[in-house]
Amino acid sequence: MEMVAKERPIHYAAHMDSHIYSYYAEILSELYEKKLSELGISSSVLAFRKLGKSNIEFAKDAFDIIKMKAPCVAVGYDVSKFFQKIDHAKLKATWAGLLDEDILPKDHHAVFRSLTKYAEMDRGKVYEVLGLPKYNKKSIGPRICSPYQFRETVRPSKEMYVNDRSVGIPQGSPISALLSNIYMLDFDCAIAEVAREAGAYYCRYCDDILVVCDTDNIVDFEDLIRRELGKLKLDINEQKTDKARYRVSKEKVYCDRAIQYLGFLFDGESVFLRSASLARYSERMRRGVHLAKKTKKKYNKMRVKRGEAIRRLYKKKLYARYSHLGRRNFVRYGLRAADIMDSKEIRRQLKPLWRRLKEEMEK
């Protein structure tokens, strides 16, 4: 089953708010790490922590455990609309509990209220209201607008949405990721404890949950996970639930179907990139080259009018964005994954991308 791409609406906090959120995130992070250590579940929570690993290493660790525990069942769950469904009352109680308080202190409550009763506005609408160019962000400067411009122009535009529901926090602020982990603290503790008793493996990367256990225990784990998520008023996205049974034959591990975890597929012996990830890269690359050609054509017309020589397609930026010659792009990420996971299959998947890029540029 090919997994559906997640929609992740990212919010950007105001400049001063970001500093305030970062300060309280630092305070809460120290307490949260201490709590994880006390509960003995530090290895079960992977995302948004300073663990010195990327999702490539986390995926490799999970696949190594599957291979070690085979015969086994691996099940991946996805929490539906995770950040949008975080219950405010439960978040407040867990937040206060982490501080060892019955209720939130006034300063923490002010931060809590700003995150739960947040106001948001679509970035495109902000540009439109302020009369800013949407596609030439370099001309805008380090800030979109001043606090005065925001108060006098943006806020009165009536394009602002205020969250008046009892659920949901904005994803993208300096403290939101940590709060999502804090919100799941009781859940992580409950699942990890049962996993230890059953000799199973449990980990959670934000809203991606993975359990590796004996075939006989999988139904009990499924019931437990649904029950504990229900306590947090969260639901499993059934369309993204991924289950694979692994067996051993002639000292090799096989599966009925490869499981998908953190963007990779594992069939018991080999690791692959998801076909959807490759397709998205190809589409982005195609659009990027098309835009570069349109830009070249536009400026060459202007050069001809000025009597200047026309220029060829500017390839350096395209290579940097869409090939192994760049530093931070999908291909470099895939090559790094291939090295870490020692995957010849990933290298074979990436090999045709260079040819496709050159063909697209030469059309």
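Y24, at 11%, is buried. The model is predicted, so local features need pLDDT of at least 70 and side-chain atom pairs count only at pLDDT 80 or more, while totals for chains, interfaces and linings use all residues. Residues are numbered from 1 along each chain as its sequence is written, and side-chain values use heavy atoms, with hydrogens and water left out.

Aromatic contacts were examined next. A pair of aromatic rings is described by the distance of the centres and the angle of the planes. Rings of Phe, Tyr and Trp (its six-membered ring) pair if their centres lie within 6.5 Å; planes under 30 degrees apart are stacked, over 60 edge-to-face, and the rest tilted. The structure holds ten aromatic pairs. One of them joins Y23 and Y24, with 5.1 Å centre to centre and 90 degrees between the planes, in an edge-to-face arrangement. F187 and Y202 also pair edge-to-face, because their planes stand at 70 degrees, with the ring centres 6.3 Å apart. F187 belongs to helix α8 (residues 185–198) and Y202 to strand β4 (residues 201–205), so this pair ties together parts that are 15 residues apart in sequence. Helices (H or I, at least four residues) and strands (E, at least two) are DSSP runs, numbered from the N terminus. Both F187 and Y202 are buried. F63, Y246 and F266 form one aromatic cluster.

Two packed helices are described by the angle between their axes and the distance between the axes. Axes are lines fitted to C-alpha atoms, for helices over the stretch in contact, and angles run from 0 to 180 degrees between N-to-C directions. Helix α3 (residues 88–98) packs on helix α7 (residues 176–183) at about 90 degrees, with the axes 9 Å apart. The two helices are therefore roughly perpendicular. Angles of 65 to 115 degrees fall in that class; under 35 is roughly parallel, over 145 roughly antiparallel, and the rest oblique. On α3 the contact uses K90, L91, T94, W95 and L98; on α7 it uses L179, I182 and Y183. Contact here means heavy atoms within 4.5 Å. Six of these residues are nonpolar, one is polar and one is charged. The nonpolar class is Ala, Val, Leu, Ile, Met, Phe, Trp, Tyr, Cys and Pro; Asp, Glu, Lys and Arg are charged, and the others, Gly among them, polar.

No disulfide is present, a disulfide being a pair of cysteine sulfur atoms within 2.5 Å. For C203 the closest cysteine sulfur, in C206, is 13 Å away, too far for a bond. C203 is buried, at 0% relative accessible area. For C255 the closest cysteine sulfur is 9.9 Å away, in C72, again too far for a bond. C255 is buried at 17%.

Most residues other than glycine have a negative phi, and most peptide bonds are trans. A70 and P71 are joined by a cis peptide bond, with omega about 5 degrees. P71 sits in the loop between α2 (55–69) and β1 (72–78). K250 has a positive phi, near 55 degrees. K250 lies in the loop between β6 (242–249) and β7 (252–255) and is exposed at 80%. D342 has a positive phi near 50 degrees. D342 lies in the loop between α12 (330–341) and α13 and is exposed at 61%.

How values were computed. Buried < 20%, exposed > 50% of the residue type's maximum accessible area, 1.4 Å probe, protein only.
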